[in-house]
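Here are some short notes for a first look at this structure. Please read them with the model open beside you.

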Amino acid sequence: MGLTNKKEKQLKTMPVIQNRIKTSRNGRFVIQQTVITNVKPIEYYKAILANTVKVSEEPLGEDELMIEDGEEMLKRVKATA
């Protein structure tokens with residue numbers, strides 16, 4: 001049983017994922033590398049860039065920042081667990 005035309009078209013548009021596993025030259029490490037290749041037409045990216053929203057960089061005030069001491073945060077997380 002073969003694939004339907006719809007499924008073949010869907011598989012062609014999916015990214016290609018390549019996984020490589022090798023050892024380091026000295027043999028002490030295993031190197032795992034994943035490469036994801038995604039092909040899209042230029043028009044796709046032109047449309048995205050044409051519809052981008054300009055982001056203005058405004059400085060945050062101290063009341064807008066979430067600053068918390070690490071030890072205090074850890075105590076709070078342990079208390080809720």
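1. Start with the surface. Leu3, Leu11 and Met14 make a nonpolar surface patch of about 280 Å². Keep in mind that this is a predicted model.

2. Methionine 14 sits in the loop between helix H1 (5–13) and S1. Its relative accessibility is 44%. Buried means under 20% and exposed means over 50%, so methionine 14 counts as partly exposed.

3. Now go to the next loop of interest. Is serine 24 buried or exposed? Serine 24 has 15% relative accessibility, so it counts as buried, the cut-off being under 20%.

4. What lies around serine 24? A polar atom of the serine 24 side chain is 3.3 Å from the backbone nitrogen of arginine 28. Serine 24 is also in contact with Phe29 and Ile31, leaving aside neighbours within four places in sequence.

5. Turn to the aromatic rings. How many aromatic pairs does the structure hold? There is one. Tyrosine 44 and tyrosine 45 form this pair, and the geometry is edge-to-face. The ring centres are 5.1 Å apart, with 90 degrees between the planes.

6. Check the exposure of both partners. Tyrosine 44 has a relative accessible area of 38%, so it is partly exposed. Tyrosine 45, at 41% relative accessibility, counts as partly exposed.

Terms used
Residues are numbered from 1 along each chain as its sequence is written. This is a predicted model: local features need pLDDT of at least 70, side-chain atom pairs count only at pLDDT 80 or more; totals for chains, interfaces and linings use all residues. Side-chain values use heavy atoms; hydrogens and water are left out. Buried means under 20% relative accessible area, exposed over 50%, partly exposed in between (1.4 Å probe, protein chains only). A polar contact is a pair of N or O atoms within 3.5 Å; within protein, one must be able to donate a hydrogen and the other to accept it, and residues adjacent in sequence count only if both atoms are side-chain atoms. Contact means heavy atoms within 4.5 Å. Patches are made of residues with over 30% relative accessible area and no salt bridge: like charges are joined within 9 Å, nonpolar side chains (Val, Leu, Ile, Met, Phe, Trp, Tyr) within 5 Å. Accessible areas come from the Shrake-Rupley method with a 1.4 Å probe; for residues, only the protein chains shown count as cover. A salt bridge is a side-chain nitrogen of Lys or Arg within 4 Å of a carboxyl oxygen of Asp or Glu. Helices (H or I, at least four residues) and strands (E, at least two) are DSSP runs, numbered from the N terminus. Rings of Phe, Tyr and Trp (its six-membered ring) pair if their centres lie within 6.5 Å; planes under 30 degrees apart count as stacked, over 60 as edge-to-face and the rest as tilted.
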